[in-house]
Amino acid sequence: MSAASHTSGTLTGVTTAAGEEAWRLLQGLLMNGEMQSRMRAACEAIGGPPSIVKTLFSLAPDEPVAMRDLAERFACDASYITELVDGLEEQGLATRQPHPTDRRVRTVVLTEKGALAREAVQEVMWRVPEVFSALTAAEQRQLRDLVRKLVDADQSADANHAAAG
């Protein structure tokens, strides 16, 4: 088995052929499996495109987010965020508001309708796929624990990268 050195952000380690295969399999499951029909159902639930669904996942009720922070999170141009927020406002899902301490900064805040749309999207996207029945209860717990470890490492790397930058 070959192993390659891997560095990403502040994480340093070894990526094995098994790790590479696991990543490809996860991507295939998410991109080609049930995720496609889930995304269509989520879009239908709110009457909007996938970009709006993705944006709803990045907003939380009563938690304003600076538009520049959304642009950074999505790694895109500010003009694209303006277009997304225009779409959210047109559907009554969010509003722009001045930042509470810096009036030069515009934030995005979910409306009540937007919070309900976010819940509807989460309900569709977070429903456990039928393929999970191929795993025993113990295997599902093991999968959860392994994925949680990856998520925690990713969040830690992001936090360390932001502190260094």
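Which exposed residues does the face of α4 turned away from its buried side carry? That face carries R68 and E72, where exposed means over 50% relative accessible area, buried under 20% and partly exposed in between (1.4 Å probe, protein chains only). The structure is a predicted model, in which local features need pLDDT of at least 70, side-chain atom pairs count only at pLDDT 80 or more, and totals for chains, interfaces and linings use all residues. Residues are numbered from 1 along each chain as its sequence is written, and side-chain values use heavy atoms, with hydrogens and water left out.

**Overall architecture**

- The protein has seven helices and five strands, taken as DSSP runs (helices H or I, at least four residues; strands E, at least two) and numbered from the N terminus.
- Read from the N terminus, the order of elements is β-β-α-α-α-β-α-α-β-β-α-α.
- The protein has 165 residues, of which 24% count as buried.
- Among contacts (heavy atoms within 4.5 Å) with a separation of 6 or more, 46% are between residues 24 or more positions apart.

**Nonpolar core**

- A nonpolar core is a set of buried Ala, Val, Leu, Ile, Met, Phe, Trp, Tyr and Cys residues joined through side-chain atoms within 4.5 Å.
- The largest such core has 24 residues, and L56, I81, L88 and V108 touch the most other members.
- At least two residues of this core come from each of α2 (35–46), α3 (50–57), α4 (67–74), α5 (78–90), β5 (106–110) and α6 (112–126).
- Apart from neighbours within four places in sequence, L56 contacts I46, L88, L110, G114, A117, R118 and V121.

**Helix α4**

- The buried residues in α4 are M67, L70, A71 and F74.
- These residues lie on the same side of α4 because they cover an arc of only 100° around the axis, the arc being that of the directions from the helix axis to the C-beta atoms.
- An α-helix has 3.6 residues a turn, so residues three or four places apart point the same way.
- The buried residues of α4 pack against α3, β3 (65–66), α5, β4 (94–98) and β5.
- A75 follows α4 and has a positive phi, near 50°.

**Salt bridges**

- The whole structure contains five salt bridges, each defined as a side-chain nitrogen of Lys or Arg within 4 Å of a carboxyl oxygen of Asp or Glu.
- E34 and R38 form one of them, with their closest N and O atoms 2.6 Å apart; E34 is partly exposed at 31% relative accessibility, whereas R38 is buried at 7%.
- R104 and D102 are joined by a salt bridge of 2.9 Å, N to O, and R104 is exposed with a relative accessible area of 75%.
- D145 and R144 also pair, their closest N and O atoms being 2.9 Å apart; D145 is partly exposed at 36%, and R144 is partly exposed at 42%.
- A network of salt bridges links D86, E89 and R96.

**Nonpolar surface patch**

- L30, M31 and M35 make a nonpolar surface patch of about 290 Å².
- Patches consist of residues with over 30% relative accessible area and no salt bridge, with like charges joined within 9 Å and nonpolar side chains (Val, Leu, Ile, Met, Phe, Trp, Tyr) within 5 Å.
- M31 belongs to helix α1 (residues 17–32) and is exposed at 55% relative accessibility.

Key: Accessible areas come from the Shrake-Rupley method with a 1.4 Å probe; for residues, only the protein chains shown count as cover.
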